[in-house]
Amino acid sequence: MARSKATLCTWLGCPGLLGCFLLGFLAGWFTKPTEPPPNSSDVYQNVRQKLVAEMKAENIKQFLRSFTKLPHVAGTEQNLLLAKQIQDQWKEFGLDSAELVHYDVLLSYPNEKQPNYISVIDDQGNEIFNTSLFEPCPQGYENVTDILPPYNAFSAQGMPEADLVYVNYGRTEDYFKLEREMGINCTGKIVVARYGKIFRGNKVKNAILAGAQGIILYSDPADYCAPGVDAYPDGWNLPGGGAQRGNVLNLNGAGDPLTPGYPAKEYTFRYKVNEGVGIPKIPVHPIGYHDAEVLLRSMGGPAAPDSSWKGSLNVSYNIGPGFADNSSTRKVRMHVHTNNKITRIYNVIGILRGAVEPDRYIILGGHRDSWVFGGIDPTTGAAVLQEVVRSFGKMKMEGWRPRRTIIFASWDAEEFGLLGSTEWAEENARVLQERAVAYINTDSSIEGNYTLRVDCTPLLYQLVYNLTKEILSPDEGYENKSLYESWLEKDPATEKNSYPRINKLGSGSDFEAYFQRLGIASGRVRYTKNRKVDKFSNYPVYHTVYETFELVEKFYDPTFKKQLTIAQLRGKLVYELADSQVIPFDCRDYGEALKGYSNRIYKLAKKHEEQLKTYKVLFDPLFSAVVNFSKAAAEFHRRLEQVDKKDPVAVRIMNDQLMFIERAFIDPLGLPGRKFYRHVIFAPSSHNKYAGESFPGIYDAMFDIESKADQHEAWEEVKRQISIAAFTVQAAAGTLKEVA
């Protein structure tokens, strides 16, 4: 204490010394370089630019080449090795963590000892024609092992014999035409349907409802060959021996068939394999168009009802049942021996922790598993994901962190029913419902090379428009123009053609559980075909052995600029969602969308004007709720513009309202007969899982309503669904009101 006093006295007794010190300090301060500290918006712009500039087309190309060298079907050793490779790279790139997360789910594989095929048999039961057991291997891959032959996962086993009936695409309306107009009964028959228009699982469900014993699926050149293009490897069309693999489940969002609603962990109760959700009870098998031509050439029965039932094969497309003339005693026999078995799958989950709001999550996820090499599906998406993770990792290594936490996911077993992503969503549902801001999907980044395709929640419309204006278009003839400009010119919206088209989210990829079940704002972007001109379904070699690295390099994206553009857009979406102070959602676009959807469903109902009057069906409550939502959205955004950005609590309150608006459209009871589809505004169509339907409860209640036996009961259900929709929209409007 005495020493302290002495020191203090010395300083007080030496004012000259103290003055000199202060003068020196001030001189030093004022003569140093005058660089103002960077403000937050400068840092923000700098990171945005660096993130995108870091992404390279060459890296995406190398990731694609590396990931497609060998087949990597879910549940196989090769797919686990690929998961470990991705995990190691994510750690190397600088993520805070990268873990393998496993589940034990029901998968389905061909029987190695008993191959699947289709036969034509004579009246003695002799097989006089058999379809191919495998696809001819593409050049350069002859020595690759473990290529599974074409099959439909989860098909029932069986060897049914019956007359054949051609059912066009196997859609609901195709069976209506056969049964109601042509008087053709499919009960006890084997049906043959061409791929395209709708999800293959819906084709199988429709065949079962029609009473068929089995269904054969084939790819018709009319749907899987572009005019004037050679078959692979000389072009990108489907060769005659190519056959599309794919699952034929009708899960309706359930995830693993044996553990619907719950994660498929060691402790989980499982149904018996024959009790699994959505597993078909009839055999299903895919064939190429060379084999299909042999079957269809001999068909008897009436001619195709019109040109929409005719493909491009050199056959008449007669309907059947059975064969004609000399072949009339012949039948078709199916040989399907596919096995379903519980198998371990692995997701890779990488985390980049947020600096300010670590309890708010942005998820960027896409699948890794493929049917064979996965040249386009999914690996153009997996390669893009890898480059996006690398770029984010580099920013983090240089000292940057996002405001919110980013979760990167490499999903397994998507091809078997979106299993990896759904199981993880189920295991983490409670946390995700509380903390997830958005989910961006990163499945295939190209399915064509003509223009951009976007499917997303209306909350993301403005963000997508703004970001596409910042990215250069990779399209020929659009040099120095933005992606937005090329997209708008090539694919304007039907109604608001001053904007580019944005589609409703249906299903068919890993966003399903996050959007349709949990109500997390979701979106997906990729390059696609010219939908006005290209009438072929999907891309021709979809889910075949011909989906190779060379297919992409030679024909779809030789410069890899289209994939780089998608990497930039997906990366920017994640960055804006993770790092903007205010979550960049716009509820006003939801109001506009709801107005359009309610008008559309009412227009559909007006086709039954007499019944609307008879059963006192009113849409007024729904229209009123939509108006109230639009008003609440406008008022919310007015308040949002005035919020004090320096008040973190005020900003957090508004952000939480934005985050939970999608959740407000979730009905915990789910849609009728589809309890895992809980979004009242959007659901996959009941007749085509790939397509999105708006106000699905009302739409399904009115579908084919005129043929319902009890009209009073049918229209009561329509009224109930209108009531649910009106309540949900009104309740969502309430969540946007000023916090009390």
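Predicted model: local features only at pLDDT ≥ 70, side-chain atom pairs only at ≥ 80, totals over all residues.
The packing of two helices is considered to begin with. Helix H13, which spans residues 461-470, and helix H14, which spans residues 483-490, pack at an angle of about 115 degrees, and their axes are 5 Å apart. On the side of H13, the residues that take part are Val464, Tyr465, Thr468 and Lys469, and these meet Leu483, Tyr484 and Trp487 in H14. Sorted by class, the residues in this contact of H13 with H14 comprise five that are nonpolar, one that is polar and one that is charged.

Burial was also examined in helix H16, which covers residues 549-556 and whose buried residues are Phe549, Leu551, Val552 and Tyr556. The cover over these buried residues of H16 includes helix H4 (57-67), helix H10 (379-397) and helix H17 (561-579). When its neighbours within four places in sequence are left aside, Ala292 is in contact with Tyr218 and Ile287. Ala292 and Pro558, by comparison, are 266 residues apart in sequence, and their C-alpha atoms are 33 Å apart in space.

At the surface, Val649, Ile653 and Val739 form a nonpolar patch, and together these residues have about 250 Å² of accessible area. Val649 belongs to helix H21, which runs over residues 648-661. With a relative accessibility of 55%, Val649 counts as exposed, since that class begins over 50%.

Charged side chains form the last topic. Side chains of opposite charge can pair when their charged atoms come close. A search of the whole structure finds 47 salt bridges, and some of them are described here in turn. In one of these, the side chains of Glu447 and Arg453 meet with an N to O distance of 3.1 Å; Glu447 counts as buried at 14% relative accessibility, whereas Arg453, at 25%, counts as partly exposed.

A salt bridge also joins the side chains of Asp491 and Arg501, again with 3.1 Å from N to O. Both Asp491 and Arg501 lie in the loop between H14 and helix H15 (512-517), so the pair ties together parts that are 10 residues apart in sequence. Asp491 counts as buried, with a relative accessibility of 7%, and Arg501 is likewise buried, with a relative accessible area of 15%.

Arg720 and Glu717 both lie in helix H23 (residues 711-735), where they are three residues apart, or about one turn of the helix. An α-helix has 3.6 residues a turn, so residues three or four places apart point the same way. Arg720 is partly exposed, its relative accessible area being 42%, and Glu717 also counts as partly exposed, at 26% relative accessibility.

Finally, salt bridges in this model are also found in a linked arrangement, as Glu357, Asp359, Arg360, Arg403, Arg404, Arg652 and Asp656 are connected in a network of them.

Conventions:
Residues numbered from 1 in each chain as written. Heavy atoms only, no water. Axes fitted to C-alpha atoms, helices over the stretch in contact; angles between N-to-C directions. Helix = DSSP H or I, 4+ residues; strand = E, 2+ residues; numbered from the N terminus. Contact = heavy atoms within 4.5 Å. Nonpolar A, V, L, I, M, F, W, Y, C, P; charged D, E, K, R; others polar. Patch = residues over 30% accessible without salt bridge, like charges linked within 9 Å, V, L, I, M, F, W, Y side chains within 5 Å. Areas by Shrake-Rupley, 256 points an atom, 1.4 Å probe, with all protein chains shown as cover. Salt bridge = Lys/Arg side-chain N within 4 Å of Asp/Glu carboxyl O. Buried < 20%, exposed > 50% of the residue type's maximum accessible area, 1.4 Å probe, protein only.
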